[in-house]
Every structure is written in structure tokens, then in C-alpha cells.
Amino acid sequence: MAQAAELELRGVSKRYAGQREPAIHGLSFTVPAGDVCVLVGPSGSGKTTALRLINRMIPTTSGDILLGGRSVLEREPKELRREIGYVIQQIGLFPHQTVGENIATVPRLLGWHKDRIHARVTELLELIDLDPAEMRERYPAQLSGGQRQRVGVARALAADPPLMLMDEPFGAIDPINRGRLQDEFLRLQAKVKKTVVFVTHDIDEAIKMGDRIAILREGGVLAQYDTPREILTHPADDFVAQFVGADRGLKRLALTTLAEVRLIEPDTMTREPSANGALRLPRETSVRDALSLMLTADGEPASVLDDEGNVEGLLTLALIEQMLSDEAAEAPHAGAGAGSSTVIEQTAEGGR
Amino acid sequence: MAAAAGSIVASVVAAGEPVIPNYGAQSSSCVVHNHLFCTDWVSHNWGPVLWPALRGHILLALVAVGIGFVISLALALAAYRYGCLERPTTVITTILYTIPSLALFELLVAPVGPNVYSAEIALVSYTLLILFRNILTGLRGVPAEVLEAAEGMGMSRRQALVRVELPLALPAIVAGLRIAVVTIIALATIVYTIYNAGLGVPIHTALGEGPFKTELIAAGGLAILLALTADALLVLVQRLLTPWTRARAT
Amino acid sequence: MHEFLEAFRFIAHNGAIAGAPGLPTLTHLALETLRVAAIGLAISVVIAVPLGVWLGHIHRGSFAAINLGNIGRALPSLAVLAIGDAILGLGLTVVELALVVLAVPPIVTNAYLGVDGVDRDLVDAARGMGMSGFEIIRRVELPLAVGPLFAGIRTAAVFVVSTTTIASLAGFSGSLGDVIANETSYHFSGVLGAAICVAALALAVEGVLTLVQRVLTPRGLRLAEHERSGPLDPEAAIA
């Protein structure tokens, strides 16, 4: 089976019987193979509906959905769903089956041989950092909330699907553990490199998790489809600007590390009295964190250290300000908005 | 001694039955030919046969459910307060509920005698499991935050129970009453085996007469109708008592 | 307590009474009771379980399924037997018919409630993984509904055993009820002894079914049940 497949929505609409307004209206976008696409929007924007159209849990009214270039609408729904990982907020682990049996659900539906299933379950438990010897025979009731969540993801990954659908998978988890699970999922995704469609109502989660974000507005209309950085820099309209929040400048800074910033040269810096200021930051620090620290230190510039601990350059408040205004001034790329499938590589080095 | 009493009652009941079919003074051809259902027999025998049996049946059931409710409420409140009481109460009431009616009536005749007390004790014992379980479920279903609010506003335990917990448990309690009433009305037809009352009496008479179909259907039908009517009445009572359960829909 | 001593003597003699040879033994009558009851219960299960499970699976007919249970309870065994007797004449067929009429409603109602009550998210997850309707019933809904389903069958079993003995009152012979209905031949000690046997038989049936239910209930569910009754898990134990 393909490790990941491209997903394309072409003018997809959904209208429920007896309702005047469509739930989804002319949705088009492409998720490149191996990317995480986050569907985000206020309630009533149809994000979950859009997700469930993809694995045909809800029938599509018009338009087409292609997975790996092949229309899902022509596929037998059961067969299609066995090829698409599916994770819901409530996780839905079967309480009467062990962790091992839960993970084996789709391989068993596909009729895999027992030994192959056993090996796959072991592999997946190791992948999600659960000890197979200890956890395989446990029941969901014996797991913590976070462990259940991870088993849910492993179950969705079991048959190595080219596409994963995740509906608010961390929605029911408290903020601290949610952050941990998000990091864990990103590490996992770096290993398995699936195409993922991820639904959330939390814009911060969308920015953190998504390679690309599709912002939906009420009535299931696509407001903007872009990289997180592009959405924060050039929101398509007032709705998007308001949805991403007044602090989008700060959110954008959080996406950039000091390593990506063109810093003030060390030689100019050495003559300045503040060169040996208290702030010495590793280059992996995000610009947002650096700014926060600098503001606490009365706006003093910060020295950025390279991996060996040598001073690589200097970061000043003026430099950050410059960065933000340069990015905003830059013309939005051609493909911004619905339908874009072009990946625009954009780094802070474009500024200055 | 009670064994003797048992056989005396049996012979009394037997003596009370006419050996010749009780077709009444005016035997229509329908009755004489024992057709399926003769309305004339029913109208002539409503006063002397059916109504007394029906009245006795209602009385048996009302008394049993009334006493059963008081006992169950006490048991449920105790189990609600002291959780450890739930299990033994459930086990005992389940055993009582499981014993077939015919057997339980006879088992009570030995110590109590073939009288109305045996009948009522048996009927009451059948209500306990149903009512206890429903009342307890209803009380347990009261949301914790509601109780906390009641406590926070300074209600005592007793006040919270009377003003908050019991009213909120009412739907479950009435649901239990419905099941209990219907079950007891059905079971009360067997009472005639130890005590001469209820709709079982005319059924028994009719069975001894061939059987006499009209009386079988009339008495059996009355028992079923009585149960369904009581059920409908309790639904009405539930609606009147718990208006808030319907206000939600709009 | 003299009557009880006499009753136990009657049981010890397996239903034999001095001076009345040729009476059926208690063992024979008990087995007959079980046979008649088992046939009725089996027919009811075959009819009611698929119906209730299917209604629960499609989440339709709650009104019918629940009210069927109420009506079933409202039917007095003796009245059903009496009316069956009046219309069709009493025989094994009518007795079994009465048993089925009485046993189907509680099984349908409980099977319906059990399957209908299965967490919709689990069914959604199962569907999302590509299970067919039948696979969802077999692998998810049925195992999770074992508790209520069996509660219905147990209720029905108690009904059926009880009604089989009551059938003797209506003149059907071939159960322990025969002894209870025939005090003239057996005297009160015999009636009481048979009553003890009937009670023991019903309790034994209930006990066996409870055991079967325990065996059939998935272990994971019992653990979940345990957890639910305990304090809420604050997700503290992560990793």
C-alpha cells in the first residue's frame, strides 16, 4: 500500500435533505502526499462534515474527491474506509477488546494472517511508545486518557493507510497533556509521513499541527487555504484576520526560530556596550519567545548562540519590527486562497 | 394444622362452585352452545360475578403496591445512604421476585394460612425488586452539581432529599410504579388458589365448566384491560407530576 | 413447621404417596416442566433476539419495542392460557404459544435497549474503519449488549417457568404445577413440597443463566464497569 497519497477535493458540496443552505459549499483544495492539512473554523462551518465526506461516512451531494488520483465516490465505502485511518475525539476504543485486538481491527477485517497481525501490533505499540509485552493484553478501561488516545492513533495506522482522518483527536484532553500529545503526534508523523486531514476549532492547534490550513467559514465555504505562515502574514479577508486573532503577528513569530533570522553581524556588535547583555539565547529559540524575554529585560538586545555556544549575532527589537513589516509588505503569492496546491517556501531570511 | 386449613379452603372454594355450569337464569342459545363470546351473559353477570371479582382484584393490587412502595422507599433510602445495603437487598428481592407465583402463594400458606395476608405478602414481595431498583436508580441519577448547589444554598440533608432529590427521581420512581402495578395486576389472578378473590375466581369457575369460553375471555380480558388502563393512568400521573421533563423539547 | 417437614418427606419420596401408586415422580415432573419451559424460551429467543437487535441496530421502533415490554407484563399468564384455551382448546401447542406471547416482549425490549444504548461513537468508529452492518452487530453491538440482552432472557425464563406451572391450573398436565393444582390427591404436604421444588427450579434456572451471562460478558466490559463505579480517572497516569 502506498505510504501516503495526495488528496484532492474538487468543488465538493453537501446539502442535507430539507435544509436550504448547504453544509459544505464548493470546497476545493489539494493536500500533497505526506502533508498535514488542518480544517479549522467556527462551529457551523462544516469541518467535521467535510472530513466525513472523504471516507464517505456522509454521502457527497456534488463534486469529486480523489485519493491518489482515484475518485473515492467510485469505491465501495467499506473497502475505502479500511484504507483510510480514522480517529475521532471520543476515540471509540472498543471496551470489550484488548489494546491488541483494538489495534488489529482493520487488519482482521482485511483478513491478514495471524502472525502478520501480531507483528504489526507489536510494531505499532513500539511506535507509540507503549511496551507491547505489558500493554497488548490490557483493556481500554485500564489505560489513562493519553494512552487511549495513542492507542486510537495506532489503531488508525494499523493497515498502513495512505490517508488519516482525525476529528478533533485531542479535543477531550486537558491543555497540558494536549500539548504533549501534539508534540508526540508530530514526531510520529515525521516517522510515518502520512497524508493527514485534521479537524480542530483551535487556531493555535491548527498553526502548530498543519503544513497547510484550510479555514472554513459558516456555510462550509473555504475562506483561505494556505501555509500557517502565509495565513498569519496575509489573511485573505477580515473573517480570516479575525479568526486567527489580533495576535497573529506574535503567532507568526512563534513559527520562526532565531536560526532563520538574519541577525546583526557579530563584529558590529562587539563595539556595543550591551553586547555582553544578560540575554544569551540558543538559535533554536522561537522569535516569539526571544521577544518575550527581551521585553522582560527592558528591551535589551539578545546574543544568539550557535551550537558551539559562540555568539552568532545580535537580535534587537528593531530587527523584529523590521521583520514583521517586511513580511506583511511582501505581495501575497499568486496561489493564495482556494484551490492552491503550490507550496511556497517562505522563510524569515526573505526579510531585512 | 395449617395443612388441614389448606385443604379446608380448597374444599370451601370447591363447594362454592356450582357443579352445573353457571349459565345464569336466562340461558341464551349462545350460552348453551358455548360460543366464543356471549355479550348477553356478560351483561347479566356483570353485577353478580364480574364486578365483584374486578373490585377485589383492584383492591388486592392497590394494597400490595401501596405497602410495597412504602417498604421499597425505606429500603432505597437506606441503600442510598449506606451503599453497602444495596447488594444484600438486591439479592433478597431478586430471589423473592424469581419464585413463581403459584409456588410462593403455597409457601406462604404454611406459616400464614390461606387468607388475604398470604396473598398480600406474596404480592408485596413481587413489587420490592422493581420499586427498590427504580427508586435507587432515580436517586442516584440526580446530578452531583445539583446536590452541591442545594448544599451550597444551605439546605439540610433532609431538605435536599425532599425538595431536590425525590422530585428529580420522580420519573424513575413513577416508571417503577408503572411496572409494579402492571405486574401485580397480572399476578393477582393467581391469588384465587389460596384466597377467594380477584379475577382468577371467575376464570377458575369457567375452567371447571367445560371450559365456559365467554367467562374465560371476559375475566381474562378484564385483567388485561385493567393492567393497561392502570398503566395509562400512571403515565398521565407522571406527566402531571413532572412537567419539567417535557419542557425540554421545545 | 410440621407442614414443611411433611413437605420435605414428600420430596424425599420423590412424590410417592402411600396408597396412591402410579403417580408421576417429582423428578419426572421437574424435567417435564423444564422441557416445556425450554421449548417456549427457545422459540421466543429465536424470534425476539434478532428482532430486538435489529430494531436497536437501526435505532427505530423504540415506541413499539418499549411498549411491547409493558404490554407483555400486563398479560396475566392465567388469562392468556384461559383465552388460548377458549379459542383453540388446551394442549401443548397452546401452552407454548402462551409462553412465547409472554416471553417475547421482555426479550425484544431488552435486546432493543441494549443495542440501541451502545455508545454511538463506538459504532461510528467501527463504521469509519470499514465494518459492514453485520460486522458492527457481531463484533461491537452484540458483545456490548450482552448484559441487557441476557437480563431480558432471564426475565423471560422466570416468566416461562412460572407460566408452565400455572398451565396446570388451566388443566394442562405435565408439570410440577400438576401437584399444586391437585390438592385432593396430594394433600397440602404434597402441594407445599411441589411449591418448594418449583421455587428451587426457578432459582436454579435464574442462577445458571446468571452464570452464563457472566461467562459471556467480555472481560474488558467488566473492568470498565468497575472503573465507572470507582472515582473518575483524572487522566493523571499518562505515560
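Contact means heavy atoms within 4.5 Å. The legends below describe close-up views of a predicted model.

Figure 1. Among contacts in chain A between residues at least 6 apart in sequence, 67% join residues at least 24 apart. The chain contains 15 helices and 13 strands. Of its 352 residues, 54% count as buried. One buried residue is A:C37, whose relative accessible area is 0%.

**Figure 2. The interface between chain C and chain A.** The size of an interface is often given as the accessible area lost when the parts come together. Here chain C and chain A bury about 2,800 Å² between them, and 58% of this area lies on carbon and sulfur atoms. On the chain C side 28 residues take part, in contact with 37 residues of chain A. Six residue pairs are in polar contact between chain C and chain A, with both residues at pLDDT 80 or more. Helix 6 (120-128), helix 7 (133-144) and helix 11 (219-229) of chain C are the elements that give two or more residues to the side of chain C that touches chain A. Helix 6 of chain C gives the most, with seven residues. Sorted by class, this side of chain C has 15 nonpolar, nine charged and four polar residues.

**Figure 3. A salt bridge between chain A and chain C.** Side chains of opposite charge can pair when their charged atoms come close. Two salt bridges are counted between chain C and chain A. One salt bridge joins the side chains of A:R52 and C:D124, at 2.8 Å from N to O. Over all chains, the count comes to 22 salt bridges.

**Figure 4. Salt bridges within chain A.** A:D237 pairs with A:R217 in a salt bridge, with the closest N and O atoms 2.7 Å apart. A:D237 is in the loop between helix 10 (228-233) and helix 11 (238-244) of chain A, while A:R217 belongs to strand 9 (residues 212-217) of chain A, so the pair ties together parts that are 20 residues apart in sequence. A:D237 is partly exposed, at 24% relative accessibility, and A:R217 is also partly exposed, at 26%. A further salt bridge links the side chains of A:K78 and A:E76, at 3.7 Å from N to O. A:K78 is partly exposed, with a relative accessible area of 27%, and A:E76 is partly exposed, with 36%.

**Figure 5. A buried salt bridge in chain B.** The salt bridge between B:D231 and B:R178 has its closest N and O atoms 2.8 Å apart. The pair links distant parts of the chain, with B:D231 in helix 10 (residues 213-241) and B:R178 in helix 8 (residues 157-187) of chain B, 53 residues apart. Both B:D231 and B:R178 are buried.

**Figure 6. Two aspartates of chain A with positive phi.** Most residues other than glycine have a negative phi. A:D129 has a positive phi, near 60 degrees. This residue sits in the loop between helix 5 (114-127) and helix 6 (132-135) of chain A, and A:D129 is exposed, at 58% relative accessibility. A:D160 also has a positive phi, near 50 degrees. The loop between helix 7 (145-157) and strand 7 (163-167) of chain A holds A:D160, which is partly exposed, at 29% relative accessibility.

Definitions and conventions
Residues are numbered from 1 along each chain as its sequence is written. Chains are lettered from A and ligands numbered from 1 in the order in which they are written. This is a predicted model: local features need pLDDT of at least 70, side-chain atom pairs count only at pLDDT 80 or more; totals for chains, interfaces and linings use all residues. Side-chain values use heavy atoms; hydrogens and water are left out. Buried area is the accessible area (1.4 Å probe) that two parts lose on being put together, summed over both. A salt bridge is a side-chain nitrogen of Lys or Arg within 4 Å of a carboxyl oxygen of Asp or Glu. A polar contact is a pair of N or O atoms within 3.5 Å; within protein, one must be able to donate a hydrogen and the other to accept it, and residues adjacent in sequence count only if both atoms are side-chain atoms. Helices (H or I, at least four residues) and strands (E, at least two) are DSSP runs, numbered from the N terminus. Ala, Val, Leu, Ile, Met, Phe, Trp, Tyr, Cys and Pro count as nonpolar, Asp, Glu, Lys and Arg as charged, and the others, Gly among them, as polar. Buried means under 20% relative accessible area, exposed over 50%, partly exposed in between (1.4 Å probe, protein chains only).
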